[in-house]
Amino acid sequence: MSSNDLIFGINGPVVTIKETKSFSMNEMVHVGDAHLIGEVIGITDRFTTIQVYENTTGLRPGEPVFTTGHPMSVTLGPGILSNIYDGIERPLKLIEKKSGAFIEKGINIAALDDEKEWDVTILAKVGDKIVTGDVYATCPETSLILHKCMVPPGISGEVVTAAPSGKYRVNDTVVELRDELGKTHKLSLCHVWPIRQPRPFEKRIPIDRPLLTGQRVIDTLFPIAKGGTAAIPGGFGTGKTMTQHQLAKWCDADIIVYIGCGERGNEMTDVLMEFPELKDPRTGEPLMKRTVLIANTSDMPVAAREASIYTGITIAEYFRDMGYDVAVIADSTSRWAEALREMSGRLEEMPGEEGYPAYLSSRLAQFYERAGCVECLGSDGRRGSLTAIGAVSPPGGDTSEPVSQATMRIVKVFWGLDAGLAYARHFPAINWLNSYSLYLTNLKGWYDKTLGKEFLQHRERAMAVLQEESELQEIVKLVGQDSLSAPDRLTLETARMIREDFLQQNAFIDVDNYSTYNRQRFLLGIILKYDELCREALEIGADTGALFSIEARSRIGRAKSIAENEYEAAYKLILSDMTAQIESAKTGGDEL
């Protein structure tokens, strides 16, 4: 690291150097005597422009800028899971021990613990021909995840030395291979990768499996596929962060990468305090054993907020390449876009709509397009997926603003949050009339095979009932509910059951904050069977009051609180009793 270049100008996090040819585009640099971390973002024949990822207070013209010769990168290896990083992959737990509650300027701590020894199994043998993506060593990173050390992209050859299995640190050389040109490459347990460059894969493969979240409104009505993209837009107080917390806790991805991008400090504190205490619903182990947290609060340097998105998705791609299903949850992309806008203004670029840079849409697309279901590089044909879920925080809840509109053009699932539902304590506050999922066709084969063909039919029927309810409510506002026909009153009752007894969940009750697909299928089937039987009864003159007041109706309302190991028998009993009670009401109608 060397420098003969001096700072010429400073404008917030933007630093310029005059008349130099020492730097290359996107190169990582160290700025000033404090060695602040920065990245080259613009080069002309007169000026080099650098964005600094730390607070530039006290930085002065004339201080040196040091080159590193490599782009802004993250270190990938065992030790990432269970960790909490800032936006440029600095471990916050270690920073706290070294500098206290506030991050010191220029502090430089390795992303991975280079002193910890890992129990490594060496798979490569001398004489083996290995190519990019092949796994040459493994180690149990946590009790839930086996870390696979893969040959970095661009490297292949014959193994000339291989260490025996045993305990090694992340920077210890465990395998050496010689490529076709005779060059020897030393492979340790880790390698670095540029955050703005997508990691390569063999090919994309069709998306055909849903990501189970345990949230009924998502899984049944608006599912997202593994490898898909989704947006959660909503104004202040509509529950974006809470919904994303639920997804991070309960979705059936192998790895969770949660990016707190520009969020309020108290919300990130809740995440950092809560996640280490959570139990994985599938294994009973701490959830942090398969989670990476990237904390970048709203008071942190704006440039690091812009980088945090790329840091998170690069880490996610790394685990995807091991063959895992990974979910990236970004909260929120609006704060990230605001960072782009601020940086663009300091660079004096031509502003686009509402001051956002003209390249806002392309940057959003670059992020979401890194999601997908892929066949990984390597000889063993691994399959991995990366699901990207981003929150959008439109000012005043107006989704016509640029970030929301650009996101909606890219993602295939839209979970529109509703302030009215949130204030009514309906959780998740996802509006079933504004939301959509474009993955139903991709997932139809999985649904038909796993849950039966009637599942999607029930989903379509439920959506139709909710739509009919919306139309009937307009009539009720004008002339009152008593003017409606009996079938229309039944539609309102069925819709209320779907909303309150099925879609609404209680995040604070263990039995209801997570719902399996089988349980969802049972519960929705009971509600729609009630609607079907009641319509048959109404055709022969049964009384609506009698149908709405049957004893099984109240039991349906309490069905979602039945214990997990008891619900199947209980649901079958409710269905049987409901059928008999409606039949009795039907007989009473005949006698009338």
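N83 is located in the loop that joins β7 (73-76) to β8 (84-85). The model described here is predicted. With a relative accessible area of 13%, N83 is buried, since buried means under 20%. When neighbours within four places in sequence are left aside, the contacts of N83 are P91, A111, M288, T291, V292 and L293. The C-alpha atom of N83 was also compared with that of G260, which is 177 residues away along the chain; the two atoms are separated by 14 Å.

H426 counts as buried, at 8% relative accessibility. Apart from neighbours within four places in sequence, H426 is in contact with L421, W432, R499, L503 and Q504. Two of these residues, R499 and L503, also belong to the α12 side of the contact between α11 and α12.

Helix α11 spans residues 454-479 and helix α12 spans residues 486-503. Their axes lie 9 Å apart, and the helices pack at an angle of about 120°. The two helices are therefore oblique to each other. The crossing of α11 past α12 is left-handed. On the α11 side the contact involves A462, V465, L466, E468, E469, L472, Q473 and V476. These residues meet D488, T491, L492, T494, A495, R496, I498, R499 and L503 of α12. By residue class, the contact of α11 with α12 divides into nine nonpolar, three polar and five charged residues.

Another helix pair is formed by α5 (residues 302-321) and α6 (residues 333-346), whose axes cross at roughly 130° and come within 8 Å. This angle makes α5 oblique to α6. The crossing of α5 past α6 is left-handed. From α5, the residues that make the contact are V302, A303, R305, E306, I309 and Y310. From α6, they are R335, W336, E338, A339, L340, E342 and M343. The residues of the contact of α5 with α6 comprise eight nonpolar and five charged ones, with no polar residue.

Aromatic side chains were examined next. A pair of aromatic rings is described by two quantities, the distance of the centres and the angle of the planes. Rings whose centres lie within 6.5 Å were taken as pairs, and by this rule the count comes to 14 aromatic pairs. One of these joins W446 and Y447, with ring centres 5.5 Å apart. The planes of W446 and Y447 stand at 75°, so this pair is edge-to-face. W446 has a relative accessible area of 25% and is partly exposed, whereas Y447 counts as buried at 0% relative accessibility.

W446 also pairs with Y517, the ring centres being 5.6 Å apart and the planes at 50°, so this pair is tilted. W446 lies in helix α10 (residues 440-450) and Y517 in helix α13 (residues 517-539). The pair therefore ties together parts that are 71 residues apart in sequence. Y517 counts as buried, at 6% relative accessibility. One aromatic cluster is formed by W446, Y447, F455 and Y517. Of its members, F455 falls within the residue range of α11 (454-479).

How values were computed. Residues numbered from 1 in each chain as written. Predicted model: local features only at pLDDT ≥ 70, side-chain atom pairs only at ≥ 80, totals over all residues. Heavy atoms only, no water. Axes fitted to C-alpha atoms, helices over the stretch in contact; angles between N-to-C directions. Helix = DSSP H or I, 4+ residues; strand = E, 2+ residues; numbered from the N terminus. Parallel < 35°, antiparallel > 145°, perpendicular 65-115°, else oblique. Left-handed = near helix turned anticlockwise from the far one by under 90°. Contact = heavy atoms within 4.5 Å. Nonpolar A, V, L, I, M, F, W, Y, C, P; charged D, E, K, R; others polar. Phe/Tyr/Trp six-rings, centres within 6.5 Å; stacked < 30°, edge-to-face > 60°. Buried < 20%, exposed > 50% of the residue type's maximum accessible area, 1.4 Å probe, protein only.
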